[in-house]
Amino acid sequence: MVASRIMWYVSTRGMAPRVDFEGALFSGYASDGGLFMPEELPQLDRETLCQWSTLSYPGLVKELCALFIGSELIPKDDLNGTSGDTGSAAIESVQGAKNVDIIVLLPKGHCTKIQELQMTTVLKENVHVFGVEGNSDELDEPIKAVFADTVFAKKHNLMSLNSINWSRILVQMAHHFFAYFQCAPSLDTHPLPLVEVVVPTGAAGNLAAGYIAQKIGLPIRLVVAVNRNDIVHRTVQQGDFSLSEAVKSTLASAMDIQVPYNMERVFWLLSGSDSQVTRALMEQFERTQSLNLPKELHSKLSEAMTSESVSDEAITQTMGRCWDENQYLLCPHSAVAVNYHYQQMDRQQTSSTPRCCLAPASAAKFPEAVLAAGLTPETPVEIVALEHKETHCTPMRRGDSWTLMLRDTIEDLSRRWKGRVLNASQ
């Protein structure tokens with residue numbers, strides 16, 4: 001295993017200065033439009049994996065972070081675009097904090113009612129929710145534009161909390177280690193046993209985390225499961241990283257994404273950390289919205305993972321079957337992963353390889369999908385109470401300059417923050 005030392009981070013496009021972990025943490029996109037990645041990946045040996053196998057989940061997070069993190073600071077401003085779940089979790093973690101403001105862009109009409117209420121009913125002074133008349137891909141554009149202005153981002157201490165940010169990928173890696181240690185039959189065999197991990201994905205953050213875990217020595221086989229927005233599936237199967245005509249609305253709404261930006265991290269790793277190759281690929285995609293992976297790159301991708309695309313009908317059938325067989329209520333995103341498991345079982349493709357399906361959300365947030373599956377939603381009293389609370393959400397309408405609105409909001413928050421500091425010091 002690599003000894004602890006300063007970890008440097010570079011942009012996948014190679015045109016931005018390298019930064020330490022602090023620089024990667026307090027950022028979003030790199031100034032060249034790329035995503036930050038460790039300059040070198042540590043390698044875990046068998047002894048380390050065996051030691052980690054006895055750790056709790058928080059213990060695993062701590063050990064992984066020790067490999068990649070230097071010192072940390074607390075930011076003043078937080079910028080977050082969400083397809084549903086990240087926003088409410090981020091708000092919960094910082095609401096009421098005196099030294100953090102959080103801005104959340106919510107794609108109106110592309111989240112469930114409960115997801116929206118979890119964000120819009122938080123009326124704390126440091127929480128600022130915008131309801132965007134666009135989908136998750138579209139709201140990512142102003143965030144990328146703001147972070148591209150490096151001077152502006154640094155001046156206002158901006159960071160992103162979604163999987164644009166490397167720290168989110170780092171923490172998600174723990175999912176894969178924890179799943180492996182839970183499912184591996186024994187660590188006494190040589191080589192260590194394989195475990196198949198099925199990853200439901202939209203922006204491909206958890207997929208990138210799994211692939212990095214695989215690259216640093218975790219013996220997992222990855223399956224990426226998507227809904228009808230199938231760009232990642234087409235990329236794995238055919239090398240076709242191209243947009244469809246439009247984003248399709250599905251029951252797994254947080255995965256209704258056409259631009260899975262974390263695939264850029266996967267392409268960078270597949271190319272042997274070649275930023276020139278990655279930059280050329282991504283610039284072509286951004287210019288033409290169409291990309292056929294080079295044959296060698298597609299071959300490596302196919303070796304690293306397989307994939308499946310799941311319809312709404314299959315989602316509801318899977319939710320119903322899981323309830324009938326296990327009395328477990330799947331959320332529609334988790335059902336996308338479990339559907340792959342059921343397909344393998346029904347095809348009688350028995351394997352000695354254990355399989356784990358990652359479950360990213362609670363079914364309580366998706367009562368519409370639960371009803372569509374013919375099941376009865378289990379709604380906690382805390383969720384029911386949201387419907388009676390006051391809401392606040394600033395609209396971002398089509399025709400507005402979303403980037404300008406973001407910049408103006410951030411500048412206003414910085415002025416207020418400096419005013420509070422000044423008053424406190426007097």
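The side chain of His156 makes a polar contact with the side chain of Ser414, at 2.6 Å, in what is a predicted model. The domain assignment divides the protein chain into domain 1, made of 86-162 + 393-425, and domain 2, which covers 166-368. Within the structure there are 16 salt bridges, and one of them, between the side chains of Lys144 and Glu286, has an N to O distance of 2.8 Å.

- His156 is found in the loop that runs between helix H7 (150-155) and helix H8 (166-183).
- With a relative accessibility of 4%, His156 counts as buried, because the cut-off for that class is under 20% relative accessible area.

**The contact between domain 1 and domain 2**

- The centres of domain 1 and domain 2, taken over C-alpha atoms, are separated by 28 Å, and the contact between the two draws 16 residues from domain 1 and 14 residues from domain 2.
- The size of an interface is often expressed as the accessible area that is lost when the parts come together. For domain 1 and domain 2 the area buried between them is about 1,200 Å², with 44% of it on carbon and sulfur atoms.
- Between domain 1 and domain 2 the count of salt bridges is 1, and the count of residue pairs in polar contact, with both residues at pLDDT 80 or more, is likewise given as 1.
- On the side of domain 1 that touches domain 2, the elements that give two or more residues are helix H4 (85-94), helix H5 (113-120) and helix H6 (136-148).
- Sorted by class, that side of domain 1 has 3 nonpolar, 9 polar and 4 charged residues.

- The side chains of Arg13 and Glu264 meet in a salt bridge, with a distance of 2.8 Å from N to O.
- This pair links distant parts of the chain, since Arg13 sits in the loop between strand S1 (8-11) and strand S2 (19-20), whereas Glu264 belongs to helix H11 (residues 263-270), and the two are 251 residues apart.
- Both Arg13 and Glu264 are buried.

**A salt bridge between two loops**

- Arg18 and Glu39 also meet through their side chains in a salt bridge, with an N to O distance of 3.1 Å.
- Arg18 lies in the loop between S1 and S2, while Glu39 lies in the loop between strand S3 (36-38) and helix H2 (46-52), so this pair ties together parts of the chain that are 21 residues apart in sequence.
- Arg18 counts as partly exposed because its relative accessibility is 42%, and Glu39 counts as partly exposed because its relative accessibility is 36%.

- Arg234 forms a salt bridge with Asp230, in which the closest N and O atoms are 2.9 Å apart.
- Arg234 is buried, with a relative accessible area of 12%, and Asp230, at 18% relative accessibility, counts as buried as well, because this value falls under 20%.
- Elsewhere, salt bridges that share partners join Arg13, Lys144, Glu264 and Glu286 into one network, which brings together residues of the Arg13 and Glu264 pair and of the Lys144 and Glu286 pair.

Technical notes: Residues numbered from 1 in each chain as written. Predicted model: local features only at pLDDT ≥ 70, side-chain atom pairs only at ≥ 80, totals over all residues. Heavy atoms only, no water. Domains from an automatic or database assignment. Contact = heavy atoms within 4.5 Å. Buried area = accessible area lost by both parts, 1.4 Å probe. Salt bridge = Lys/Arg side-chain N within 4 Å of Asp/Glu carboxyl O. Polar contact = N/O pair within 3.5 Å; in protein donor to acceptor, adjacent residues only side chain to side chain. Helix = DSSP H or I, 4+ residues; strand = E, 2+ residues; numbered from the N terminus. Nonpolar A, V, L, I, M, F, W, Y, C, P; charged D, E, K, R; others polar. Buried < 20%, exposed > 50% of the residue type's maximum accessible area, 1.4 Å probe, protein only.
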